[in-house]
Amino acid sequence: MLTHLGAPIEVDFELLPYCNLRCVHCYSNAGPDQPRIGLSLRKIEALCDELVDLQVFKIYLGGGEPFAHRDILDIIQLAAQRSLAVTISTNGALLTERRLDALRRVPPALIQVSVDGACARTHDGIRGIGSFDKAVRALQLLVRAGLCTAIGTVACQSNYREIPDMLRLTLDLGVRSFHLMGLQPAGRALSHFEDQQLTEEQWLVLHKFFSHRAAALSNRIEFHIEIDKFVLFKNRLFTPQNHLDKFAKMWCTCPCSRSLCTITANGDVLPCALMRDVVAGNVHRQSLREIWKRSAGFAAIRRRSLGIAACSDCHFGDCCQGGCAAVTHNLTGKFTGADPRCELAK
């Protein structure tokens, strides 16, 4: 079985730990009390050169808040000069006209603005007072500028009932992509994951809702809907014939250390952004190539799917491969067993 690729397809950069907001579900514990210190522009440029040499396709710029990094526009430009597809995840509050003009000249592949409610009361309750209006304004500016834009929503109990209205908001604003993802047990979200994660019944309602909308709105909007795959497995809704498979297939097999890794603001290389305390190496001391090929931590994660007894006879074993290594680690303290969210493995 192929356990990993020779190089990552995507590398995620956490440009700095500072964020102007303090979201209740932030997996990196970013906030206004964190430093604005991150990788230097010179170091990021050297890393982008190495990514090109490794034939990495895509970089993801996050944080903290990426637009709080003083060199963000230069980072986008140097990545574009090397034909690296750039996705930016932002809360939108720091988007200015000057930055918008620069983005028009070197447009990223995608700018995803986080919206966690269809109204200010819900969104601001999760992300901070005044953040909803700033996010909507940013989306209006981005759409008007003709930039490829998405709304990104973390589904939780606090906003579950508003998810259909968030899709309507996406359409009303003229945004071309809607990305729905589940709450992840990491960072600040770990302490209230049990209370805020969606139930099986709620995921099934969303599956039905988006099944209908995906077909009807396919010419107006691109959907990236991460329905809980374990709910799909259990209810036999994940089949080769099901058009909603595309919502789960991309992340069905955990990409952590297999086709993706994360570089933090201090240079640490993580299997993914959700697994904060498993450090494979540091780019100030080693090349990313060396870390990818020789990290003992990466090797252990890559082997985990080969020895999970509970998954050995599972019909979905080949595509799932034991579920998310980070979630397993965060909820159980180890990553060697099956994802604890899977009822089929219990």
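The structure is a predicted model, in which local features need pLDDT of at least 70 and side-chain atom pairs count only at pLDDT 80 or more, while totals for chains, interfaces and linings use all residues. Residues are numbered from 1 along each chain as its sequence is written, and side-chain values use heavy atoms, with hydrogens and water left out.

Strand E5 covers residues 149–155, and seven of its seven residues are buried, where buried means under 20% relative accessible area with a 1.4 Å probe, protein chains only. Strands (E, at least two residues) and helices (H or I, at least four) are DSSP runs numbered from the N terminus. Thr149, Ile151, Thr153 and Ala155 point one way from E5, whereas Ala150, Gly152 and Val154 point the other way.

Two strands pair if DSSP finds at least two bridges between them. Strand E4 (residues 110–114) runs parallel to E5 and is joined to E5 by four bridges, with Ala150 as the bridge partner of Gln112. Strand E6 (residues 177–182) is also parallel to E5, with six bridges between them, and here Val154 stands opposite Met181.

Turning to the helices, the axes of H6 (residues 163–173) and H8 (residues 200–216) come within 11 Å and cross at roughly 25°. That angle makes H6 roughly parallel to H8, because angles under 35 degrees count as roughly parallel. Ile163, Pro164 and Leu167 in H6 meet Leu206, Phe209, Phe210 and Arg213 in H8, contact meaning heavy atoms within 4.5 Å.

Notes:
Axes fitted to C-alpha atoms, helices over the stretch in contact; angles between N-to-C directions. Parallel < 35°, antiparallel > 145°, perpendicular 65-115°, else oblique. Buried < 20%, exposed > 50% of the residue type's maximum accessible area, 1.4 Å probe, protein only.
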